[in-house]
Amino acid sequence: MGFTVSENFQNTINGKQSPTAVTRHGINPATGEPNPEVPVSTQEDVDKAVAAGQEAFTTWSDVPFEERKKATLAFADEIEKHVAEFAKLLVQEQGKPLAFATGEVAMSVGALRQTAELASQITDEIIEDNEDRKLVIRHTPIGAAVGIVPWNFPVSLCLQKLGPAVLTGNTVIIKPSPFTPYCGLKLVELAQGFFPPGVVQALSGDDNLGPWLTAHPGIEKISFTGSSFTGKKVMESAAKTLKRVTLELGGKDAAIICKDVDVDATAAKIASMGFFNSGQICVAIKRVYVHESIYDKFLAAAVAFAKTLSVGPGTNEGVYMGPIQNAMQYEKVKGFISELSADQLALSNGDAKPFDEGKPGYFIKPTIIDRPADDSRIATEEPFGPILPLMTWSDEKDVIARANKTRMGLGASVWSDDLEQASRIGSKLQAGTVWINTHLEPDARVPFGGHKESGIGTEGGIPGLKGWLNVQTLNMRKSSKGGLF
């Protein structure tokens with residue numbers, strides 16, 4: 001039987017499909033209907049996968065890089081053949097519009113290829129080489145690893161962990177979110193045609209699975225993408241065995257709008273980026289500081305643009321915003337809205353309530369908040385939904401201080417036709433990525449990560465790849481007669 005994206009969702013352990021006695025299912029967030037059954041892994045499944053990953057590491061880590069690269073690129077080529085199928089499944093499990101789901105899968109294939117090329121740049125660094133001594137800095141694979149994938153971008157973030165892990169000589173167990181397990185399981189199943197057994201595995205499960213993996217003594221590295229709250233739990237668990245960790249966590253990204261921008265064009269871009277993926281992006285714009293001289297015009301333009309954004313099932317043509325991915329997050333976003341007073345709301349959907357009770361699907365219309373207090377919940381916490389607060393500023397030093405007054409520091413952007421001013425402001429923002437006159441512009445060639453409680457380490461670029469490697473110094477005296485003594 002050939003590979004089929006839409007059926008038979010199983011764990012992959014040591015190169016084989018591995019069913020479980022107990023199963024569960026996700027929910028289609030646009031309809032509330034159940035998706036297919038997926039495994040609920042046991043502690044025994046975890047032990048088997050870890051043992052297989054450890055065993056595979058002994059040989060995979062010795063495979064020459066060019067062979068690992070060849071396997072990864074062949075895997076990317078095979079995913080590309082199934083872009084339409086994976087995109088359809090992604091809509092079913094995550095809810096995003098089909099056009100954006102297709103873009104996510106296609107972009108992920110491109111990023112996998114870019115990462116394979118980047119990895120070839122990691123070579124031994126010769127510090128000294130003379131008649132007496134050779135001093136070399138080497139980069140060696142860490143071991144069996146785990147990639148914990150969130151529910152907002154189940155394809156791109158799966159491959160963002162899988163690719164660097166195997167390219168650098170590690171083995172990896174992918175743990176997809178319980179809310180969106182389907183694409184991750186199928187990607188790993190597809191990978192079996194390109195990697196030896198045990199190199200790439202997948203385990204699906206309930207809330208027990210993550211802690212079992214992060215605490216397991218046979219795992220050497222955890223790459224986690226998710227909330228700052230859960231990231232702290234992951235780090236606490238990993239600390240007991242001193243596992244390496246990469247944590248890409250939450251954000252409260254500020255966008256600072258200067259007075260010289262094209263108001264209509266900039267307002268449209270800000271709204272589109274704030275509401276993309278229904279606001280369910282760690283690095284989405286979540287606070288907008290608009291210069292007071294253009295605020296009223298900017299607010300009106302942002303609201304007018306947001307009214308043009310279609311909300312509905314991802315299968316419907318022309319939809320920009322699909323549903324909130326799950327019921328728990330839906331209730332959380334509704335809670336933010338319920339705390340706002342009527343005079344704070346500049347509802348871009350044109351009615352008094354941005355959600356419909358009693359109807360199927362977790363839909364919330366784009367909502368713009370007019371000048372909430374800086375210490376309000378919506379201005380300080382991450383809603384992870386389509387709510388965009390707009391505030392005013394007049395003093396450059398003050399707005400920088402306000403933008404930095406948060407424990408998060410993932411991304412930020414500055415919008416101005418005066419690039420000197422934009423660069424001056426941007427250089428003072430405490431964030432891992434600062435964009436000028438753009439936002440949400442990923443690039444696999446550069447590191448992505450957060451400052452403060454937005455994360456530890458980076459993914460992407462050479463620094464991200466090196467996060468999958470240990471550093472080893474090789475100090476070689478060329479004769480046994482040499483040395484200091």
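Leaving aside its neighbours within four places in sequence, with which residues is Asn-35 in contact? In this predicted model, Asn-35 is in contact with His-25, Gly-26, Ile-27, Asn-28, Gln-92, Glu-93 and Tyr-182, once neighbours within four places in sequence are set aside. With one of these, Gln-92, the contact includes a polar one: the two side chains make a polar contact at 3.0 Å.

Asn-35 lies in strand S4, which covers residues 34-39. Its relative accessibility is 5%, and Asn-35 therefore counts as buried, since buried means under 20% relative accessible area.

The protein as a whole contains 15 helices and 22 strands. Its radius of gyration is 24 Å, close to the 23 Å that the globule rule gives for 485 residues, so the protein is as compact as a globular protein of that length. Among contacts between residues at least 6 apart in sequence, 74% join residues at least 24 apart.

The table below lists further overall values.

| Property of the protein | Value |
|---|---|
| Span of the C-alpha trace along its principal axes | about 80 × 60 × 40 Å |
| Buried share of the 485 residues | 56% |
| Accessible surface | about 20,300 Å² |
| Distance between the mean positions of the positive and negative charges | 4 Å |

Carbon and sulfur atoms account for 53% of the accessible surface. The charges comprise 48 positive and 57 negative ones.

Definitions and conventions: Residues are numbered from 1 along each chain as its sequence is written. This is a predicted model: local features need pLDDT of at least 70, side-chain atom pairs count only at pLDDT 80 or more; totals for chains, interfaces and linings use all residues. Side-chain values use heavy atoms; hydrogens and water are left out. Helices (H or I, at least four residues) and strands (E, at least two) are DSSP runs, numbered from the N terminus. The radius of gyration is taken over C-alpha atoms; the globule rule is 2.2 Å times the number of residues to the power 0.38. Buried means under 20% relative accessible area, exposed over 50%, partly exposed in between (1.4 Å probe, protein chains only). Contact means heavy atoms within 4.5 Å. Accessible areas come from the Shrake-Rupley method with a 1.4 Å probe; for residues, only the protein chains shown count as cover. Lys and Arg count as positive and Asp and Glu as negative; His and the chain ends are not counted. The place of a charge is taken as NZ of Lys, CZ of Arg, CG of Asp or CD of Glu. A polar contact is a pair of N or O atoms within 3.5 Å; within protein, one must be able to donate a hydrogen and the other to accept it, and residues adjacent in sequence count only if both atoms are side-chain atoms.
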